[in-house]
Amino acid sequence: MNTLNTTVSNEAGLQNAAVTPAKEERPAETVIEEGQTVGTPFSDDPKFRLRNVEVFYGADRAIKNISLDIARNEVIAFIGPSGCGKSTFLRCLNRMNDSIDICRVKGALHLDDQDIYDPKRDVVELRARVGMVFQKPNPFPKSIYDNVAYGPRIHGLANRKSDLDDIVENSLRKAGLWNEVKDRLDATATGMSGGQQQRLCIARAIAVSPEVVLMDEPCSALDPIATAKVEELIAELSASYTIVIVTHSMQQAARVSHRTAYFHLGHLVEVNDTDKVFTSPEHELTESYITGRFG
Amino acid sequence: MQTANLLPLVLVIAMVAYALAYMRSRSVAAPLGGIRNLKALPFYYAARAALWCAIPALIILGAWAGFEGKVIQNMVISSLPSESVPQTPGEASLVLSQISNVAAGKLDPNFVPAEIVGAADLLGQLRAQSSQFKTTLVLLIALLGGTFAWTRVKPHINARENVERTLRWIFFVCAAVAILTTVGIVFSVIFETVRFFGKVPITEFLFGTSWSPQTALRADQVGADGAFGIIPLFTGTLLISFIALAVSVPVGLLSAVYLSEYATKPMRATLKPMLEMLAGVPTVVYGFFAALTVAPFIRDLAEGIGLEASSQSALAAGLVMGIMIIPFVSSLSDDVINAVPQNLRDGSLALGATQSETMKNVIFPAALPGIMGGILLAASRAIGETMIVVMAAGLAAHLTANPLDSVTTVTVQIVTLLTGDQEFDSAKTLAAFALGMMLFIVTLLLNVVALKIVRKYREQYD
């Protein structure tokens, strides 16, 4: 979040702020027009309809007039250089920014035509529908079983112990973890490997049957093998959930997502089908980023 | 020379040794092409010289100060003619104080026997000799040590290792001092307690239900038999501590939750120091607050609803004590709750848990060991608190569970036993040690039990 505060918000500062001089090849006249996103940001049947979203940290504008639709059951990847606002934007979708005192969100954000930021909105219900997986695996220091059962217990999803057992087993199966942990459900979750912990966090998130799963760089703390497992899992989950994934790895975005959104200094520069973004990006900033000229 | 003067002198010599060794190491290094050609930095050579200088000298000085008095005393006593050699320790100390008073000029030599005057002269002589000898020896050793270290400032000698090793020992000694002091206190209490049980049977002490420690000073005194049953004292202590904890644990814990989870940053920055100020109020102030404001208020209230209440009550003392120990619970709990990683909170909130569910299910179990620590600290404060109880709960040892009655506690009784004129080896005085011992055992058990509870229920997050 600190990096956001230091970014320069006007276009003039843009050219020397994010771009390292050594790699500077991009023509100097490249500017981003606010609110202008190239590609296909909108959808006919959106799960999320987000219009003119702006996020402020105190006086700093971290997200600048972004409009985007997230379609039902798609996997959309947010990519972009550090501090470009992709995590901030993601955390607007389940109002996780609420706990930051100085953060303000403006604009129209709708989930299935219901206003997310309606003051009367029940955040608990919202977050039950929009689950989240974090960058660093954060299992609770409880048993594996209790971790998965946490959400269902809070939301009263199971009337009987056997119902809860079923939910736990199903979630662990969906997360591809059941066979590894079925004999030690009572063991503490913090004793698992990093990759297992992250898959447990995914199981925990899907145990409350959300409609959307937000993933904030879910593999950045994992080794390549664990990463491959999580990516496989994302592909399987995409059948039944809408998935929004923030990632620093362009290969990962290319492997798992249907659409890719490129963020730059708080702007949403380009949204297109993933194939198109990585083969023939429309915007020159996107091209510079995916070809590794900066970022 | 006096030890008080000698000590700074040794330190000055050590500083000089430090400076000289520092300069020498630089001048040794110069022809070699700079200090990087030395085995250690100049600081280490200098520090080693200072340590060589100071430590042996200080050890000698300490040993001398410790044994000088005894040795001289024995020499003086053995110089007395055989018929006036004291037979008992009591006599010996009488004779010795006479001798030293004569030597100090406080007692006219004409009033005491000639052998005492002779001994006083001898005492003066011995003291002068000892002082002279001590000064010479200490200074010599300091100088020798310093010089030795100075000559050992050589590029191939690794002073760093020497200094590190010495420092390790110094740290060890510091740690040992704390432990040995505790052990010493425990043993001295144990010995006195054993003496007490020689006078009062242990069963009467542990299971007696009446406490009135007035023993007869003279054989013909009436009505003072002395009863040493600690049960009323312990019930009093437990009653008051229980009331205090019943106030401070919920209030302290919940205010910690508010401060760490709900309060905004500026709110927290103002409230926390204010809450901690409660801990800075002297207990005697709490004491008269309890005695003059709270206790009468409780009595009036109780009488208002038709209950009988004494003007000094366990409830008044317990309530005020509870207020006093709130900061112990809240401040420590607040710290440990804050130390629970934010990502656990996020994880719970993102699953749709409310703030209080997150608190109850995730943060509280993870912070439990620290919270227990805070409560324990508060409990031991409550058990050990004396002043509030003296002022607000009284001195009468009633065996009661009625919080409106006046009770007394173990610590209050220790105070009353040891203040005022008493023979040191009377049962009354020794009872204080036995009470102290019991208190120590109880708090120790409390700690052990709490540790076990924490081990069992804690959820370790890292």
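**Close-up views of a predicted two-chain model**

**View 1. The largest nonpolar core.** Of the 155 residues in the largest nonpolar core, A:Val244, B:Ala290, B:Ala317, B:Val320 and B:Ala392 touch the most other members. A nonpolar core is a set of buried Ala, Val, Leu, Ile, Met, Phe, Trp, Tyr and Cys residues joined through C-beta atoms within 7 Å. Buried means that 20 or more other C-beta atoms lie within 10 Å of a residue's own; with 12 or fewer it is exposed, and in between partly exposed, the C-beta atoms being placed from the backbone. The model is predicted: local features need pLDDT of at least 70 and side-chain atom pairs count only at pLDDT 80 or more, while totals for chains, interfaces and linings use all residues. Residues are numbered from 1 along each chain as its sequence is written, and chains are lettered from A and ligands numbered from 1 in the order in which they are written. Helix H10 (residues 314–339) of chain B gives the most to this core, with 16 residues. Helices (H or I, at least four residues) and strands (E, at least two) are DSSP runs, numbered from the N terminus.

**View 2. Surroundings of B:Val320.** Leaving aside residues up to four places away in sequence, B:Val320 touches B:Tyr286, B:Phe289, B:Ala290, B:Val294, B:Ile388 and B:Ala392. Contact here requires C-beta atoms, placed from the backbone, within 7 Å. A second, separate core has 30 residues, including B:Tyr44, B:Cys53, B:Ala142 and B:Ala159.

**View 3. Strand S11 of chain A and its partners.** Six of the seven residues of S11(A) (residues 267–273) are buried, so the strand is largely enclosed by the rest of the structure. Strand S1 (residues 38–39) of chain A runs parallel to S11(A), joined by two bridges; strands pair if DSSP finds at least two bridges between them. Strand S10 (residues 259–264) of chain A is antiparallel to S11(A), with six bridges. A:Val271 is the bridge partner of A:Gly39 and also of A:Ala261. S10(A) and S11(A) form a hairpin with two residues between them, and A:Leu265 in the turn has a positive phi of about 50°.

**View 4. The side of chain B that touches chain A.** In this interface, 19 residues of chain B are in contact with 22 residues of chain A. Helices H11 (342–350) and H12 (355–384) of chain B each supply at least two residues of that side, and H11(B) gives the most, with six. The residues of the chain B side comprise eight nonpolar, seven polar and four charged.

Terms used. Contact = placed C-beta atoms within 7 Å. Nonpolar A, V, L, I, M, F, W, Y, C, P; charged D, E, K, R; others polar.
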